[in-house]
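The entries follow in the order in which I looked.

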Amino acid sequence: MIEPFLEMMSAERGAAANTLASYRRDLEDADGYMRTRTGRPLQQAASADVASYLRALSGEGLAASSQARRLSALRQFFKFLYAEGVRGDDPTGPIASPKKARALPKHLSTDAVSRLLERARAEADADGTGANAVRAKRTRAVVELLYATGLRISELTGLPAALLGRAEPFFTIRGKGGKERLVPLSEAARAACLDYRQALAADPRAADCPFLFPNETFGAPVARQVLARDLKALGARCGIAAAQLSPHVLRHAFATHLLQNGADLRVVQQLLGHADISTTQIYTHVLDERLHALVSAHHPLAAAARRH
């Protein structure tokens, strides 16, 4: 029943390919455990079996957040079986989610982002021709876009080349769940993309390619892993450890730096494409710091305390 469930998630809920692949891995892992332990497939699992599976994951050292994700996949799966009349109960109902610590997102300081941008611009502007020069211009365009827009890397790789033909300071992106949102396009990011596309135009295949960031054959978007690798290499050249840098870290930097400079949390939610404000609230550590400084600087009692 895993295949019908994945088909439903794709057709009815518009789940992205990466989401479907994640569900498949989690459910097939649980199914393998159930068949080995009980001799029955996952769809016939009892609550005790699911609880045993989660204990096994914990014993393997799997993080609580990963255990919670596996349980969430199982809940969705058994909810589907119940709705289809395959089962009359949900064995995950009595099981509590593993408690997970709310980790703060990694993000770069404004100084680190400035170094990254300066290095990307210098390398893109350096004299040179051929594949290495085109790659340097692409890396600069990627860094400028990620930091200026807060896009997910999967959203960035899917951008059309036609985007650069519009003069508006915003463009529309279709994100998770097929939801559309407006995204800002800075002049620096637009200029970097135009510079990259001009270098790419030396290859005649570029003229008919609909992707802003094509792969080497111009038949599909470039793989996000390729862009992540180039980004980490750029970071290493300006003193940023590979573990501290990824496309998603730049998305976090976009949100964090907006809040540090006074942006409203609801605005950041809309720009990031979060369906629920609770997802965006992970950035409130930034607000906490800013509000504490604001109260310390302007509250009458704080001012009185400083006088004494």
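I began with helix α10, residues 247-260, whose 14 residues reach 20 Å from the first C-alpha to the last, close to the 20 Å expected at 1.5 Å a residue (1.5 Å times one less than the number of residues; helices are DSSP runs of H or I with at least four residues, strands runs of E with at least two, numbered from the N terminus). The model is a predicted one, in which local features need pLDDT of at least 70 and side-chain atom pairs count only at pLDDT 80 or more, while totals for chains, interfaces and linings use all residues. Residues are numbered from 1 along each chain as its sequence is written, and side-chain values use heavy atoms, with hydrogens and water left out.

I then checked burial (buried is under 20% relative accessible area, with a 1.4 Å probe and protein chains only): eleven of the 14 residues of α10 are buried, so the helix is largely enclosed by the rest of the structure. Among them are Pro247, Arg251, His252 and His257. Just after α10, I noted that Gly262 has a positive phi of about 100°.

**Phe218**

Last, I found Phe218 in the loop between α8 and α9, with a positive phi near 65° although this residue is not glycine; Phe218 is buried, at 12% relative accessible area.

Key. Buried means under 20% relative accessible area, exposed over 50%, partly exposed in between (1.4 Å probe, protein chains only).
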